[in-house]
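Trainee: Hi! Could you walk me through this one while I look at it?
Mentor: Happy to, just ask as you go.

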Amino acid sequence: MKTVKQVAELTGISVRTLQYYDEIDLFKPSEVTDAGYRLYDDVSLETLQQILFFKELDFPLKDIKQIMENPQYDKFTAYKKQKELIRAKRDRLDRLLNLLEKLERGEQCMSFKEFDMSDYFHALQQFKSDHTDEVVKHWGSIEAFDSMLENFKDKESEIAKLAIQQYGSIEKYTEAMKANLKNFPETMEKLQSLGKDKDDYLTRSKEINEKLTKDLTLDVASNEVQELVKEMVLLSNEVNKGFDMGENFWDMVIEGYLHSEQLIKANDSLYGEGASAFIGRALEEYFK
């Protein structure tokens, strides 16, 4: 039997993290002494090893707990799948390292083939197989879904570039899309609800922008401006509630206000010359 301190030293996981795993019932000690000390046997350490494999693959703790609590969970099947995923992760990293080596040598490499999206496309194919009725209901036919998928594949480089910009990596983008597919009926219900309330959201958004750009000479860091920016962000969060928009979502929004010719032209025509840049700077200040 090993103490929590010994397990921490063996695995590199902090004592506090092991205690947290116990608190959320993810990884329990084999025994707790009368004095309150946690003790772990070889069987429990094997369980911890499985958890660490899932963490290496960026599985959220709640998902790991759900997977391992499933009565159908089989560790040997999990080992096989984890091996496949880790091998795929290794291959992806090898491709990225090769790309970086080329860039270090000064080579021009604008291809995004190194950013493998096969897992994303596989998730869409799996969704089609498992939810045929939903696919037909919302796309009209299997053929229409297949056509959409082929169109995505034709634009793989563009999708990869945007995915990395907005989500930080292909993996994070894929996980966000998988979450949406996993809860597809609820996702479609939310989208339909947003469609019904679209006019209301657009009206509220326009009102906020009109107030925000009423005086473009104001300091973007002023309380008056920042309170309106807060309203803008809260409205956006309300619209996007339940959807993972990616860690760089607001960076891309700000970039659009400051540098997108099309967006600048549209905003300046609506709210006055310099309005788009003003909104962009105000958002920059807010997210500092």
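Trainee: What does Lys 128 touch, leaving out residues up to four places away in sequence?
Mentor: Lys 128 touches Val 135, Ile 142, Phe 145 and Asp 146. Contact here means heavy atoms within 4.5 Å. This is a predicted model, where local features need pLDDT of at least 70, side-chain atom pairs count only at pLDDT 80 or more, and totals for chains, interfaces and linings use all residues. Residues are numbered from 1 along each chain as its sequence is written, and side-chain values use heavy atoms, with hydrogens and water left out.

Trainee: Where does Lys 128 lie, and is it buried or exposed?
Mentor: Lys 128 lies in helix 6, residues 118-130. Its relative accessibility is 17%, so Lys 128 counts as buried. Buried means under 20% relative accessible area, exposed over 50%, and partly exposed in between, using a 1.4 Å probe and protein chains only.

Trainee: And how are helices and strands picked out?
Mentor: They are DSSP runs numbered from the N terminus: helices are H or I with at least four residues, strands are E with at least two.

Trainee: New topic: how do helix 9 and helix 10 pack?
Mentor: Helix 9 (residues 156-167) and helix 10 (residues 170-182) pack at an angle of about 90°, and their axes are 8 Å apart. They are therefore roughly perpendicular to each other, a label used for angles of 65 to 115 degrees.

Trainee: Which residues meet there?
Mentor: From helix 9, Ile 159, Ala 160, Ala 163, Ile 164 and Tyr 167 meet Ile 170, Lys 172, Tyr 173, Ala 176 and Met 177 of helix 10.

Trainee: What order do the strands of the open sheet have?
Mentor: The three strands have the order 1-3-2, with antiparallel pairing. Strand 1 (2-3) and strand 2 (31-32) are at the edges with a single partner strand each, so one side of each has no neighbour in the sheet. Two strands pair if DSSP finds at least two bridges between them.

Trainee: How many bridges join strand 2 to strand 3?
Mentor: Two bridges join strand 2 to strand 3, residues 38-40. Glu 31 stands opposite Leu 39 in strand 3.

Trainee: Last one: which elements have the lowest and highest mean pLDDT?
Mentor: Helix 11 (residues 184-196) has the lowest, 68, and helix 16 (residues 275-286) the highest, 92. pLDDT is the predictor's confidence in each residue, from 0 to 100. For the protein chain the mean is 84, with 94% of residues at 70 or more. Where pLDDT is low, the predicted coordinates should not be read in detail.

Definitions and conventions. Axes are lines fitted to C-alpha atoms, for helices over the stretch in contact, and angles run from 0 to 180 degrees between N-to-C directions. Angles under 35 degrees count as roughly parallel, over 145 as roughly antiparallel, 65 to 115 as roughly perpendicular and the rest as oblique.
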